[in-house]
Amino acid sequence: MAVISPKIAHFTVEEYHQMVECGILKERRLELIDGLILEISPEGTEHAYFEENLAKILERLTVGRAYVRENKPIALSNSEPEPDIVVAKLPRSQYIDHHPFPENIELLVEVSKATRSYDISTKKALYSQEKIPEYWVVDINARKLIVYRFPEAEDYRQQREFSASETVSPLAFSDISIPVSDIFAI
């Protein structure tokens, strides 16, 4: 008797959009990653708090220079993730017709607690493949910021961890300095 292994169904971005528009995925927090529809983990209070801290900092420091989006989709080749924070190029009005493409993205941020392993493996590989120039992971448990820069295939050429006593400057905005402690300020 032949053994048959089940196959996983993959979806295109267009098929995913059709399911969303038809209401099939209504009332669910989902994202499309490499053709797979995945449930997004619910945000805990710390996650929401520290994400908002960083988003407000980035909004204030890039006003008139960039568009800061929270928990909104981005358009990748076969994925449509919803990163915690995206710093996208202006004008904001261009996103009425499409979510930001990789070439529109200056900085992408995931805030991690329970999802840290996934964010520094699967998500990092995806963002690097799509040539997102800079990817930050806010590590809530360790109270540090992990910065990935210079995408190359499925990884970034540079990785650096910043402690709460250090400051960081985004590549696209080298004149901006963000104390990591401000991200974790209570």
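R143 is found in the loop between strand 6 and strand 7; helices here are DSSP runs of H or I with at least four residues, strands are E runs of at least two, and both are numbered from the N terminus. R143 has a positive phi of about 50° although it is not a glycine. This is a predicted model, so local features need pLDDT of at least 70 and side-chain atom pairs count only at pLDDT 80 or more, while totals for chains, interfaces and linings use all residues. Residues are numbered from 1 along each chain as its sequence is written, and side-chain values use heavy atoms, with hydrogens and water left out.

**Loops and backbone**
- R143 is partly exposed, with a relative accessible area of 30%; buried means under 20%, exposed over 50%, and partly exposed in between, using a 1.4 Å probe and protein chains only.
- N71 also has a positive phi of about 50° without being a glycine, and its place is in the loop between strand 3 (67-70) and strand 4.
- N71 is partly exposed too, with a relative accessible area of 25%.
- A cis peptide bond with omega of about 5° joins L90 and P91, and P91 lies in the loop between strand 4 and strand 5.

**Nonpolar cores**
- The largest nonpolar core has 25 residues, of which L54, L58, W136, V138, L145 and V168 touch the most other members; such a core is a set of buried Ala, Val, Leu, Ile, Met, Phe, Trp, Tyr and Cys residues joined through side-chain atoms within 4.5 Å.
- Elements that each supply at least two residues of this core include helix 2 (45-61), strand 6 (134-139) and strand 7 (144-152).
- Helix 2 gives the largest share of this core, five residues.
- L58 touches V68, I85, V87, L107 and I178, leaving aside residues up to four places away in sequence; contact means heavy atoms within 4.5 Å.
- There is also a second, separate core of 17 residues, with I33, V137, I146 and Y148 among them.

**Helix 1**
- Helix 1 (residues 13-22) has V13, Y16 and M19 as its buried residues.
- They sit on the same side of helix 1 because they cover an arc of only 120° around the axis, the arc being that of the directions from the helix axis to the C-beta atoms.
- The face turned away from the buried side of helix 1 carries the exposed residues E14, E21 and C22.
- Strand 1 (30-33) and strand 2 (36-39) are among what covers the buried residues of helix 1.
- Just after helix 1, G23 takes a positive phi of about 85°.

**Pockets**
- The largest pocket holds about 370 Å³ of space; on a 1 Å grid over the protein atoms alone, a pocket is an open set of points where a 1.4 Å probe fits, with protein on both sides within 12 Å along at least five of seven lines, and lining residues have an atom within 4 Å of a point.
- Its volume is the space filled by probe spheres set on the points, which are joined across faces, edges and corners.
- Of the 23 residues lining the largest pocket, I40, S41, H47, V111 and T115 lie nearest its centre.
- That lining has six nonpolar, six polar and 11 charged residues, where Ala, Val, Leu, Ile, Met, Phe, Trp, Tyr, Cys and Pro count as nonpolar, Asp, Glu, Lys and Arg as charged, and the others, Gly among them, as polar.
- About 260 Å³ of space lies in the second largest pocket, and helix 1 gives the largest share of its lining, four residues.
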